[in-house]
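Visitor: I would like to understand the words used for this chain. Please go through them with me.

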Amino acid sequence: MTEPNPADAYERWQDAYETVWQHPTRLTATPCPSCGHLDLRLLFVAFSGSSSAVMPAFWCDACRRGLPPTRGVLPPWATSVQWESVDLPDYRLVVPEESE
Ligand SMILES: [Zn+2]
(Lines give C-alpha, C1' and ligand atoms only; values in the text may rest on other atoms or scores of the structure.)
Protein backbone atom coordinates (compact mmCIF):
# COMPACT_ATOMS: atom_id res chain seq x y z
CA MET A 1 0.00 0.00 0.00
CA THR A 2 1.18 3.48 -0.81
CA GLU A 3 0.79 6.54 1.33
CA PRO A 4 -1.96 8.66 -0.22
CA ASN A 5 -1.31 12.32 -0.72
CA PRO A 6 -3.18 14.76 1.54
CA ALA A 7 -5.35 16.38 -1.10
CA ASP A 8 -6.74 13.03 -2.14
CA ALA A 9 -7.27 12.05 1.46
CA TYR A 10 -9.54 15.02 2.06
CA GLU A 11 -11.61 14.20 -0.99
CA ARG A 12 -11.89 10.59 0.03
CA TRP A 13 -13.07 11.67 3.46
CA GLN A 14 -15.68 13.90 1.85
CA ASP A 15 -16.82 11.01 -0.31
CA ALA A 16 -17.02 8.67 2.65
CA TYR A 17 -19.00 11.25 4.58
CA GLU A 18 -21.49 11.67 1.76
CA THR A 19 -21.85 7.91 1.38
CA VAL A 20 -22.53 7.38 5.05
CA TRP A 21 -24.80 10.42 5.26
CA GLN A 22 -27.02 8.88 2.60
CA HIS A 23 -26.58 5.25 3.58
CA PRO A 24 -26.04 5.00 7.34
CA THR A 25 -25.88 1.21 7.21
CA ARG A 26 -22.61 1.54 5.33
CA LEU A 27 -20.86 3.22 8.24
CA THR A 28 -19.52 -0.07 9.55
CA ALA A 29 -18.64 -1.28 6.04
CA THR A 30 -16.83 1.82 4.81
CA PRO A 31 -13.06 1.67 5.25
CA CYS A 32 -11.34 4.67 6.77
CA PRO A 33 -10.08 6.89 3.92
CA SER A 34 -6.78 7.33 5.76
CA CYS A 35 -5.91 3.94 7.26
CA GLY A 36 -8.43 1.52 5.77
CA HIS A 37 -9.80 0.22 9.07
CA LEU A 38 -13.51 -0.27 9.58
CA ASP A 39 -13.65 2.06 12.53
CA LEU A 40 -15.44 5.14 11.27
CA ARG A 41 -17.66 7.05 13.68
CA LEU A 42 -20.25 9.67 12.84
CA LEU A 43 -22.08 11.87 15.29
CA PHE A 44 -24.23 14.91 14.74
CA VAL A 45 -23.62 17.38 17.49
CA ALA A 46 -26.28 19.91 18.32
CA PHE A 47 -25.75 23.04 20.34
CA SER A 48 -28.29 24.31 22.77
CA GLY A 49 -29.83 27.51 21.51
CA SER A 50 -29.41 26.57 17.88
CA SER A 51 -32.42 24.89 16.41
CA SER A 52 -31.51 23.15 13.18
CA ALA A 53 -27.78 23.39 12.57
CA VAL A 54 -25.65 20.48 13.61
CA MET A 55 -21.94 19.84 13.51
CA PRO A 56 -21.11 16.50 11.98
CA ALA A 57 -18.23 14.81 13.76
CA PHE A 58 -16.81 12.19 11.44
CA TRP A 59 -13.68 10.37 12.46
CA CYS A 60 -11.86 7.07 12.54
CA ASP A 61 -11.30 5.41 15.88
CA ALA A 62 -8.33 3.44 14.60
CA CYS A 63 -6.06 6.23 13.34
CA ARG A 64 -7.82 9.16 15.03
CA ARG A 65 -8.19 11.21 11.92
CA GLY A 66 -11.35 12.95 10.86
CA LEU A 67 -12.97 15.75 8.98
CA PRO A 68 -12.84 19.27 10.39
CA PRO A 69 -16.09 20.27 12.05
CA THR A 70 -18.37 22.16 9.74
CA ARG A 71 -21.97 23.21 9.71
CA GLY A 72 -24.06 20.33 8.55
CA VAL A 73 -27.53 19.06 8.03
CA LEU A 74 -29.04 16.38 10.20
CA PRO A 75 -30.01 13.46 7.98
CA PRO A 76 -33.47 11.98 8.43
CA TRP A 77 -32.13 8.80 10.00
CA ALA A 78 -30.01 10.43 12.64
CA THR A 79 -30.55 11.74 16.12
CA SER A 80 -28.34 14.57 17.22
CA VAL A 81 -26.40 14.53 20.45
CA GLN A 82 -26.00 17.54 22.68
CA TRP A 83 -22.56 19.13 22.72
CA GLU A 84 -22.61 19.17 26.51
CA SER A 85 -23.15 15.45 26.72
CA VAL A 86 -20.76 14.19 24.08
CA ASP A 87 -17.14 13.31 24.62
CA LEU A 88 -15.37 13.54 21.28
CA PRO A 89 -11.88 12.12 20.95
CA ASP A 90 -9.06 14.45 20.05
CA TYR A 91 -8.64 13.46 16.42
CA ARG A 92 -6.34 14.91 13.82
CA LEU A 93 -8.11 16.90 11.16
CA VAL A 94 -7.86 15.99 7.51
CA VAL A 95 -7.77 19.27 5.64
CA PRO A 96 -7.72 20.11 1.95
CA GLU A 97 -4.33 21.01 0.62
CA GLU A 98 -3.83 24.74 0.33
CA SER A 99 -3.99 25.90 -3.22
CA GLU A 100 -1.49 28.50 -4.29
ZN1 LIG B 1 -8.35 5.43 10.11
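**How the terms apply**

Guide: Along the sequence, the chain follows the pattern α-β-β-β-β-β. Its secondary structure comes to one helix and five strands. Helices (H or I, at least four residues) and strands (E, at least two) are DSSP runs, numbered from the N terminus. This is a predicted model, in which local features need pLDDT of at least 70 and side-chain atom pairs count only at pLDDT 80 or more, while totals for chains, interfaces and linings use all residues. Residues are numbered from 1 along each chain as its sequence is written.

Visitor: Why is Leu42 called partly exposed?

Guide: A residue is buried if 20 or more other C-beta atoms lie within 10 Å of its own, exposed if 12 or fewer, and partly exposed in between, with C-beta atoms placed from the backbone. Leu42 has 19 other C-beta atoms within 10 Å, so it is partly exposed.

Visitor: Why does Arg64 get the label partly exposed?

Guide: Arg64 has 14 other C-beta atoms within 10 Å, so partly exposed is the label here too. Arg64 lies in the loop between β2 (54–60) and β3 (65–66). Its phi is positive, about 55 degrees, although Arg64 is not a glycine.

Visitor: Which residues is Leu42 in contact with, leaving aside neighbours within four places in sequence?

Guide: They are Val20, Leu27, Pro56 and Phe58. Two residues are in contact if their C-beta atoms, placed from the backbone, lie within 7 Å. Val20, with residues up to four places away not counted, touches Arg26, Leu27, Thr30, Leu40 and Leu42.

Visitor: What makes β1 and β2 a pair?

Guide: Two strands pair if DSSP finds at least two bridges between them. Seven bridges join β1 to β2, and the two run antiparallel. Leu40 stands opposite Cys60 in β2.

Visitor: In what sense do β1 and β4 pair?

Guide: They pair in the parallel sense, over two bridges, with β4 covering residues 81–82. Val45 stands opposite Val81 in β4.

Visitor: What makes a group of residues a nonpolar core?

Guide: A nonpolar core is a set of buried Ala, Val, Leu, Ile, Met, Phe, Trp, Tyr and Cys residues joined through C-beta atoms within 7 Å. The largest one here has 13 residues, and those touching the most other members include Trp13, Val20 and Phe58. Helix α1 (6–22) and strand β2 each supply at least two residues of this core. The most comes from α1, with five residues.
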